[in-house]
Amino acid sequence: RGGREGGKMWLKVALLLVYLLGLFVLARVLEAVVWYETGFLASQLVDPVALSFRKLRTILEGRGLAHAALRRPNDARRLVRDSGDLMEGELYSALKEEEASESVSSTNFSGEMHFYELVEDTKDGIWLVQVIANDKRPLMEKVHWEQMVKKVSRFGIRTGTFNCSSDPRYCRRRGWVRSTLIMSVPQTTTSKGKVMLKEYGGHKIETEHIFKWITAHTASRIKTIFKSEHLKEEWNKSDQYRVKIYLFAKLDQPPAFFSALSVKFTGRVEFIFVNVENWDNKSQMAEMGIYKMPSYILRTPEGIYQYGNNTGEFISLHAMDSFLRSLQPEVNDLFVLSLVLVNLMAWMDLFITQGATIKRFVVLISTLGTYNSLLIISWLPVLGFLQLPYLDSVYECSLKLFRYSNTTTLASWVRADWIFYSSHPALFLSTYLGHGLLIDYFEKKRRHHNSDEVNSNNLEWLSSLWDWYTSYLFHPIASFQDFPFESDWDEDPDLFLEHLAFPALWLHPLIPTDYIKNLPVWRFKCLSDHSEEEMAEISQSESDSDCECKEVPSTSTKVSEDEHSILQNPCGVLLHSAKVCSCAKAKSYRAIEDPEPDWSAWPVNTLYCTECVVCLENFENRCLLMGLPCGHVFHENCIVTWLVGGQHCCPVCRWASYKKKKSSINPRVLSNHNPS
């Protein structure tokens, strides 16, 4: 069973790889279709001059640049150019995010512990909380607050409302006597450090002013360089950060998405903003390999990589977040990825399993629990090994491998597909469902010979499930080696209650009978089958010979058992039904008395015999036989009746009928039941 489960798991791994390859091919096909219909590709650059003022503002919103003071389209176009190249894919994503952000919700805090758990204990995120003082109006009205939530949610900033009427003591301790806005940002540049709460002190409550206050505080966490001397010093400096990303641009402050990423990757990646607005000497940047503005330069121990040259590398929060996560992953990122892949594998059991619908879902739930439990158990030693100091070199080599592989063109395609399918969950689910239906179709084709399993209904399977459940509920697996005995629970309920009081008296397994379908079944055949004409000729030759025959009385309706055994050979050929002959010279009689059975049709590791010890009858020609794991053979009807009645063992050797047995016998040796 373990080998079968292992093979099934590898089958699901292969099917998952086929599905992921199908997603990759489908994305390329969709790109080709879009290019054929529109003539554009996702990586194709867009000229801001060709865009309307509304689309320009949408792009600036997505990048987190203030545009309220821009009154002319030319100013918006210049700001878009100064913040980075615009691609068709980024424009499409920005327009889609603008539509999706309508449904963003905000958190309502119930008290101090709820606020602490979500806001103060969050080490790698930004929170904007509106505090409503007791018996006071909120600082921002409902309409303006919804606009604020919509605006900041595009940069991963979470929002919430704390009403002091739910916990006035905590508000007094905090000094929140008037309605205000609170923003939480990490206090240090180390991962999982403390957070600090900043209170909005401005008098203007317009959305744009508050957004400027948020971006100014988040941008203050980014190291800003204004002079070329400082850039040279920073470029050649070696510190704790192995990965750094530089933004060279002519902007007053870095875009909001860049600042939000600096918070999310605290302690992993250092973000540096280089303001080149007033620089005249470009030779130093040329020496660094920077020839255009703006530029997003990634510096790693392995070299320099310019972000934005490959597919899917847009100037947006989601695109750069996916890029940095693949380049400098945390253990949590790898765990989430493995969790997604394992659950995709587990859900394939819904389509691989054949039979009743309820059976499919029960198997699915069991597989989900098993796979997720094994995943968590497997990650525990990994987390322990990562804490060992002498494995730092292994960890660094793994990160170096990640960085090499994720700066390739193939990796950029995979990241672009990840962003595309995550933004279109309906397409992802429909492709997975279609893949599963194909698996179900081919599984039905493969198992067409086992119609009982494929066509079983829900009631039949629930009945077998109930048998299995009661087996393990009342008969623990600890005593599985003992062969079972018949129970009198149905006849005497008091006995059942007594057994419940003394469990040691009834801990015997109740075995499900599903294994009977897997036992070998074949027909008993003889090497020489004689026709009726041949038998008549033999009888006539015997009557003409010098032998003594005894007539059976006509009043007798039944031949005696001894005579019947003489008249019938082991292959079930009746020699004569009206006479019992004894002739010393009847060589023809002896020639057909013991015809040789056809042992070649018998399965391997079965004992050769010609008699069923259950009914004590010889095997007749072409009768159905069934073998047990121990090697003994019986009539199919006889042994099935024996097993279904609760005797799950061999009638001869008492070996468990559901348990395989290693072959230690020569199947060519006849058993002691072979007649003489």
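Modeller: Among contacts (heavy atoms within 4.5 Å) in the chain between residues at least 6 apart in sequence, 71% join residues at least 24 apart. This is a predicted model, in which local features need pLDDT of at least 70 and side-chain atom pairs count only at pLDDT 80 or more, while totals for chains, interfaces and linings use all residues. Residues are numbered from 1 along each chain as its sequence is written, and side-chain values use heavy atoms, with hydrogens and water left out.

Biologist: What does the secondary structure of the chain come to?

Modeller: It comes to 25 helices and 17 strands. Helices (H or I, at least four residues) and strands (E, at least two) are DSSP runs, numbered from the N terminus.

Biologist: Why does cysteine 649 count as buried?

Modeller: Buried means under 20% relative accessible area, exposed over 50%, and partly exposed in between, with a 1.4 Å probe and protein chains only. Cysteine 649 has 0% relative accessibility, so this residue counts as buried. Cysteine 649 lies in the segment after α25 (636-644). From C-alpha to C-alpha, cysteine 649 is 9.4 Å from cysteine 630, and the two are 19 residues apart in sequence. In the chain of 676 residues, buried residues make up 40%.

Biologist: Which residues of helix α9 are buried, and what puts them on the same side?

Modeller: In α9 (residues 228-236), the buried ones are Ser228, Leu231, Glu234 and Trp235. They are on the same side because they cover an arc of only 120° around the axis, the arc being that of the directions from the helix axis to the C-beta atoms. Glu229, Lys232, Glu233 and Asn236 are exposed, on the face of α9 turned away from its buried side. The cover over the buried residues of α9 includes β6 (223-225), β7 (244-249) and α11 (283-287).

Biologist: How many strands are in the open sheet, and which are its edge strands?

Modeller: The open sheet has five strands in the order β1-β3-β2-β4-β5, with mixed pairing. Its edge strands are β1 (107-109) and β5 (195-199), since each pairs on one side only. Two strands pair if DSSP finds at least two bridges between them. Strands β2 (residues 127-132) and β3 (residues 158-163) are joined by six bridges and run parallel, so they meet that rule. Tryptophan 127 has arginine 158 in β3 as its bridge partner, and isoleucine 132 has asparagine 163. β1 and β3 also pair in the parallel sense, over three bridges; phenylalanine 109 has phenylalanine 162 in β3 as its bridge partner.

Biologist: Which strands does helix α8 lie across, and at what angle to β4?

Modeller: Helix α8 (residues 207-219) lies across β2, β4 and β5, and runs at about 20° to β4. Axes are lines fitted to C-alpha atoms, for helices over the stretch in contact, and angles run from 0 to 180 degrees between N-to-C directions.

Biologist: How many cavities of 30 Å³ or more does a search of the whole structure find?

Modeller: The search finds six. On a 1 Å grid over the protein atoms alone, a cavity is a set of points where a 1.4 Å probe fits but cannot get out. Grid points are joined across faces, edges and corners, and a volume is the space filled by probe spheres set on the points. The largest cavity holds about 110 Å³ of space. Lining residues have an atom within 4 Å of a point; the largest cavity has 13, and the closest to its centre are Asp85, Lys292, Tyr307, Gly308 and Ile315.

Technical notes:
On a 1 Å grid over the protein atoms alone, a cavity is a set of points where a 1.4 Å probe fits but cannot get out, and a pocket is an open set with protein on both sides within 12 Å along at least five of seven lines; lining residues have an atom within 4 Å of a point.
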